[in-house]
Amino acid sequence: MKTNVTAETDVKEDTDLDSSGMSGESRSQWALARRRFFHDRLAIFGLIIFSLIIIGSIAEIVLNPSGYQDLTGDYNQAPSWHHLFGTTTIGIDLFSACMKGVLQDLQIALIVSVMSVVLGTTVGALAGYYGGKLDTFLMRLVDLILVVPGLAILIVLSNQISGKGNASLYLAFLLGALSWTYIARLVRAEFLSLRERTFVEAARALGADNRRIIFRHLIPNCIGTITVNATLTIAGAILLESTLSFLGLGLVPPEVSLGMLVQQGEEAATTQWWQFAFPASILLLIILSVFFIGDGLQSALDPRKNRARS
Amino acid sequence: MRFVIRRLTISVFILFLASIFVFLLVAFSGDPLAQLKLDPRTPLATLQYRRHLLHLDLPLWERYFYWFSHAIRGDLGNTIAGLPVSPQLVSHMVITLRMVLVALVFSVIIAIGTGVISALYRGKFIDRTITFTNFFFLATPVFVTGLFLKFFVALPINQHAGKILIYTDGDQSPLADGSFFHRLPDYIGHMILPTITLILATYATWSIYQRSTLLETMDLDHVLLARSKGLSRRRVLLRHMLRNALIPVTTVIALDFAALLGGAVITETVYSWNGMGSWFLEGVGNLDVNITMAYLLVTAVFVIVFNLLADIAYAALDPRIRLS
Amino acid sequence: MSENILSIQDLNVDFQTEAGVVHAIRGVSFDLKPQEVIGIVGESGSGKSVTSLASIGLLARSATTTGTILIDNQSVTTMSEKELSNLRGTTVAMIFQDPMTSLNPVYTIGWQIVEALRAHQKISKKEARVEAQRLLELVGIPQAEKRLDNYPHEFSGGMRQRAVIAIAMANQPKVILADEPTTALDVTVQAQVLQTLRTALEISKAALVLITHDLGVIAGFADRILVMYAGRVVESGLVDEIFYRPAMPYTHGLLGSIPSIDSVSSVRLRQIPGSPPTMVGTHTGCPFAARCPLRKEICLTEEPELKLVAASTNSSIGSEHRSACHFADEVVEMPVASMFPDSSEDFSEESK
Ligand SMILES: Nc1ncnc2c1ncn2[C@@H]1O[C@H](COP(=O)(O)OP(=O)(O)OP(=O)(O)O)[C@@H](O)[C@H]1O
Ligand SMILES: [Mg+2]
């Protein structure tokens, strides 16, 4: 059984001659996808953990806006009701710091994700739709970016970041500039296969121009892929950012990120375990929950590809 | 054979492009003399001399040409300290490669093994356990795994034993000497933790992919035909499902080699290895242009070679490509 | 012990799907004697493939099966996977619809035939290769010795299907299940492959279940026909009886949709309007009622049994003329396909 995930397009459009789901079915497709998603226990687990972490971090920032840099005078305190995650060597409340780090990381990850979607979809769509020389050129570009580990490129370029005023924004753009290739490849592949399908030819025969075909017919058919990978890009961005911070590159104090906290906790890991354990666990949980959500979306939106579970 | 030659030509071309890319990347990543310039006591002559040494007084393309024409002959220039880069690169590379290659082999074995088991027992407890574990390691940053193993596994064990059972620092004992075979146990002892870390960071994606490709194979016509021939379950699994599923899996594994090298940078940092990754980090920190470029170029070569191997493996595994 | 080589009694197959339980097969029964050829026809989704897959124990995991399937007096439904693999190939073999996908692309044709041979016979690779060559020659592939070393993609569609037939014959099975063996092929090739199948049957003395939705294919081939609709057998009988005295409106419709060569002028192509019901959940009444031009009150409330057609001329056991229609005895007297509207203008809605 073939299921097409499509956006809700205007049914009455004369060019929507599609035979494969670009019509009234689309609404029920979404309903079905939603039902599948909410029946997926791991996805729900991910969604709950993710929401809890976000609610916690927003609440903490609202209630205690400068908590992540206030010196409490309690040095190296083990977790207690007063300091949920304990305190650091210089007396900062670790819970506050972690929550601040979460927000910082998510903010970066969101920008990266949006950038990847925009860049990746554009490049993938152009390459897949027009093919030929443009395709070859764009795909070579992608190959080129993939030829050197993204981390190494970031390490080299992070010299540019440190010391800049809005380092986090700059870092986000850098990560975004490196993260779009995956979405580009997937969108291109879908375009290549969709291009030949009857509904596109029908639309073309009816005089729809390229822009219209791309935006009304092809991109809606890729929404599933794009959504899933936008989610996974968030996880990837957090991973990369925390790794850079751990290396002491990228963000520098007074900014806070989870990777930085882990790195600071490393020194004291054996004696003051909480300084390592809490930032590391939060980091892990947030990435894990985003992966679960992404995988849940994948199997909900595109049941043909049983990505990790089925 | 023609196929291999064609792929080889493309690879060389990509490598050439990659060298330009790497060069530009480094050229625009910062001024190696920035610190020197900031210091008001630096005599202008020194500045100019240093600039001349680094060819910064030449136009960009001439600099590239100079670097490239030397690089091609294996001369990657000098470090800031004035030592030739190439020998340093080789000695660090050997250290890194022995970790990366061992990790690669084990990751592939573990990934295929768990992927197959998972697919075979789809939906059962063991499948769910494997899948959850895969996601867990997929979500854990390399440095977290590394630090955890170091501080919360290896150190307590060592403490408990009262002596070092598992090495947590360095790629070899500082005073080790004797023949290669004599030192082998020492090498291996130092490799255990970093390699495990790298494996855990790598295998999960492949395992997940192996499982899903196998499951997709399960309902294919040719698998049904194979079963209708009366073959044993085992034979159908190995000869008709796994054999075919290996084709896409090989490609994915080869494409991930870049990530493996990236992971090695972190592992080396965590376990204070003196490999290529930490050498590179140090080079970047010192704004040592030639070290940085050498590292990037060499990783690009590795990645391209692996892609080439993947193409060849693909052709070897799939007669439709081999014969076309 | 019965003399039937394949005997299916009250087979029911359900699939668990997201949309609910699909009742793919509902109470199908039929017998196949040694060397007999039985044709199963019906529109897409009527359960033909599911019936054949069930007979060889290859249904997807999401299927639940009840009823009995005996092949050579052995119960397929209760066998272990190991017993099944002993049975497959030797007693029952299968030919699939699409020869493009049913051979493994990564092995040579010869390898795949040899594999089939050596799965059940204790012979050396060399002997197996000789035998494989003989099989390829039998199914009419020229230069068989050279062709053994070709990969599937170097074969044309027709040749691949011949190779699949060779694999099916490899261990002299007693029953061959052919699931639309020619549907995916060019019209010109279809006849040749059918001829190959016929030769194969003559040599191996196997019985055949020939599935198709093309009555024309069956006409000159089968002894008996089962017509399936919505997971049930709705009519069965000898070929002549089904063709000339169909006793179920659905069969009339099917017959109307084959262009008749000898009466081009008089009978035009007719279509059955509408489409089969979904098989999710339960229905009341005759499943064909919604599309039936002869529909009466009772059709909507009571599902007809598959019962003997009174006016049947043949009464030998196992091949009686049966129909699942409340009005079978009237329908059987009507001229073929006359009850459906002429559909020559309505070409686009062709139902496959
Ligand atoms: N694995 C499955 N899961 C769920 N439903 C299935 C499965 N296999 C078959 N079905 C359903 O069972 C019904 C009968 O399918 P079957 O494949 O037997 O039809 P068919 O008569 O062979 O049609 P065709 O002429 O298209 O081959 C269909 O409604 C189909 O959707
Ligand atoms: Mg079928």
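The model is predicted, so local features need pLDDT of at least 70 and side-chain atom pairs count only at pLDDT 80 or more, while totals for chains, interfaces and linings use all residues. Residues are numbered from 1 along each chain as its sequence is written, chains are lettered from A and ligands numbered from 1 in the order in which they are written, and side-chain values use heavy atoms, without hydrogens and water.

Helices (H or I, at least four residues) and strands (E, at least two) are DSSP runs numbered from the N terminus. In chain A, helix 3 (residues 94-130) packs with helix 9 (residues 210-246), with axes 7 Å apart and an angle of about 145°. Axes are lines fitted to C-alpha atoms, for helices over the stretch in contact, and angles run from 0 to 180 degrees between N-to-C directions. Residues in contact (heavy atoms within 4.5 Å) include A:Asp105 of helix 3 and A:Glu241 of helix 9.

Chain C has an open sheet of eight strands with mixed pairing, in the order 6-7-8-3-9-10-12-11. Two strands pair if DSSP finds at least two bridges between them. Strand 6 and strand 11 of chain C are at the edges, each with a single partner strand, so one side of each has no neighbour in the sheet. Strand 3 and strand 9 of chain C run parallel and are joined by four bridges; C:Gly39 stands opposite C:Ile225 in strand 9.

| Helix | Angle |
|---|---|
| Helix 1 (residues 48-55) of chain C | about 150° with strand 7 of chain C |
| Helix 11 (residues 249-256) of chain C | about 105° to strand 9 of chain C |
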